[in-house]
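Here is a friendly walk through one protein chain, with the structure open beside the text. Please keep the viewer at hand as you read.

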Amino acid sequence: MGVDFKEFAQRACQSPISITIIMSEFSQLVDAVRDALIKTYPNLGSGEAFSYASNGFSLRCPHCGPFSHEVIPILYLAGAMTKHGTVIYGGPNIAALDQGRCPRCGGNMLISSFSPQSIIDHLEAEKREAFISEGISSLDLACTPIAYLGNINISPNEDLVCFTEPNGSVVSYDSGTDQLRWSINVPSATIRLLRFVSPERVLVLSEKQENQILIQLVNTIDGSVLAESIWPNKIYGYADSDPLTGLFVVEISYDNLLIINTANDKLELSTYKCGQIYLPGPKIGPDGKLYFIEHFQLYCVEGNQQRSLASADHCICFRGTTVYCGGGHSDRSGKSALHIGDLNSSIFHEIPWGNEPINEIAIAGDDRLLIANNVSEVHIGRYPNAVVTLFSIASQKKEWSLTIGDLKPWRTVILVSVPAEGWALIQTGKFLKRISLKDGKPMNVLPKQMQEVVTANWLSSRNLLYVARCLDQNKPGLLECYRI
Ligand SMILES: [Zn+2]
């Protein structure tokens with residue numbers, strides 16, 4: 001203990017370097033490099049810095065030669081766990097590594113080489129981004145930006161924009177203006193959800209006290225509350241609503257859904273128990289049925305039974321009676337695929353997508369999809385790029401791809417896709433870009449901060465683009481409205 005790897009770590013931030021250490025000290029070495037990376041590159045979060053630190057190493061036994069990359073997390077955990085007196089379970093190789101020994105020769109020395117190349121590439125991508133976007137025009141604001149906290153939802157006829165203000169009230173503005181229509185106070189600033197359930201009704205779920213959610217059905221003409229109910233437990237953030245049927249669904253635990261039927265201005269609550277729900281949470285299909293992904297399978301709820309449709313992961317994107325889902329893993333273990341199915345016939349097929357995960361799918365034309373992967377905080381050190389691709393389904397061809405090298409983990413890449421007008425809004429680390437669906441070239445750019453969490457909505461009947469940006473998750477921000 002008490003080994004000082006500071007000097008090594010500082011030099012490792014700039015250029016490749018090697019050191020021979022006692023194997024059990026490896027976790028201290030990684031922590032030292034992580035801390036030095038954070039100091040050298042203040043834009044890095046600690047999770048990202050840890051990923052760059054651990055993934056930048058290649059390890060060798062002085063006698064037996066190179067270790068595989070999989071050894072890194074095992075050795076790191078062994079060191080970190082020893083401090084807490086925990087034992088790692090696994091095969092004989094893992095047991096040896098856990099004791100700080102080479103599984104082949106039993107030696108306890110480790111040659112640790114670090115290359116800062118991936119973090120340097122990441123910074124180059126940031127600089128390149130700034131350069132590429134020079135001289136491209138901005139967008140015109142339709143009205144003064146409004147203070148914003150979260151939960152933007154647009155009325156089905158696009159005349160109203162509802163959201164939560166930083167002080168916690170739920171507000172409604174006439175779209176394209178900074179004219180407040182109404183404002184209602186809710187019991188706490190912790191607004192959990194806000195969704196239109198019919199053209200003139202919005203459902204508001206807010207936390208009254210711990211494990212007690214107030215459900216209010218609000219008339220959007222004047223902000224009056226038409227019905228109220230209490231859900232005496234937790235809810236999660238993943239939800240969907242259908243303004244045609246008045247149905248609302250939200251996750252209340254990892255394997256339970258709360259369904260609220262708001263038809264005829266009543267609040268009828270029921271629950272549905274399923275298996276563990278994966279991203280993107282529950283969705284209501286164009287047929288009014290509930291869909292969700294549970295353990296790599298897409299399910300549809302019919303009556304009170306769920307029916308497995310196909311393999312799927314990460315996202316559910318409907319187009320008429322067709323559904324598209326993603327696949328793959330952020331550590332690139334296993335194959336990825338685009339899953340395509342017909343809701344009427346339940347016939348599905350898949351298009352192989354290598355090992356790159358598909359996390360986001362948006363409609364980008366009659367036969368076109370916009371497809372993107374997200375950047376994972378855990379794996380950014382090894383897989384730092386988000387890639388957005390325009391894909392032709394019929395010819396199974398990638399028409400173009402854009403690599404985004406500076407995006408923060410878990411940020412949405414595709415913010416809006418407007419195939420009718422041939423453009424989409426995507427985000428990089430430093431910019432929001434309105435790009436042409438034809439060739440991916442930027443038409444307009446808006447600067448943004450790396451940390452910002454951005455959502456966008458397109459109001460096609462009014463040619464308005466809403467951009468909601470917050471400094472970070474659940475932090476206050478601004479709602480901007482642009483006229484296109
Ligand atoms: Zn060895």
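Leaving aside its neighbours within four places in sequence, which residues is Phe292 in contact with? They are Cys274, Ile277, Gly281, Pro282, Lys283 and Tyr299. Here, two residues are in contact if their C-beta atoms, placed from the backbone, lie within 7 Å.

## About the model

What you see is a predicted model, in which local features need pLDDT of at least 70, side-chain atom pairs count only at pLDDT 80 or more, and totals for chains, interfaces and linings use all residues. Residues are numbered from 1 along each chain as its sequence is written.

Phe292 belongs to strand S20, residues 290-294. Helices (H or I, at least four residues) and strands (E, at least two) are DSSP runs, numbered from the N terminus. Phe292 counts as buried because 27 other C-beta atoms lie within 10 Å. Ser308 lies 16 residues from Phe292 along the chain, and their C-alpha atoms are separated by 9.8 Å.

Leu194 sits in strand S11, residues 191-198. Leu194 is buried too, because 22 other C-beta atoms lie within 10 Å.

## Strands in pairs

Strands S15 (residues 239-242) and S16 (residues 247-253) run antiparallel and share 4 bridges; two strands pair if DSSP finds at least two bridges between them. Asp242 stands opposite Leu247 in S16. The hairpin of S15 and S16 has 4 residues between the strands, and there Gly246 takes a positive phi near 80 degrees.

S16 also pairs with strand S17 (residues 256-261), again in the antiparallel sense, over 6 bridges. A hairpin of 2 residues joins S16 to S17, and Val249 stands opposite Ile259 in S17.

Further along, 4 strands form an open antiparallel sheet in the order S27-S28-S29-S30. Its edge strands, each pairing on one side only, are S27 (360-365) and S30 (397-404). S27 is joined to strand S28 (residues 368-372) by 5 bridges, with Ile361 opposite Ile371 in S28.

## The largest nonpolar core

The largest nonpolar core has 117 residues, and among those with the most contacts inside it are Val33, Leu37, Leu203 and Tyr466. Such a core is a set of buried Ala, Val, Leu, Ile, Met, Phe, Trp, Tyr and Cys residues joined through C-beta atoms within 7 Å. Helix H2 (residues 26-40) gives the most to this core, with 7 residues. Leaving aside neighbours within four places in sequence, Leu203 is in contact with residues including Val197, Ile215, Leu217 and Phe248.

Where they touch, 11 residues of domain 1 are in contact with 11 residues of domain 2. Helix H3 (residues 46-55) supplies the largest share of the domain 1 side, 6 residues.

Methods:
A residue is buried if 20 or more other C-beta atoms lie within 10 Å of its own, exposed if 12 or fewer, and partly exposed in between; C-beta atoms are placed from the backbone.
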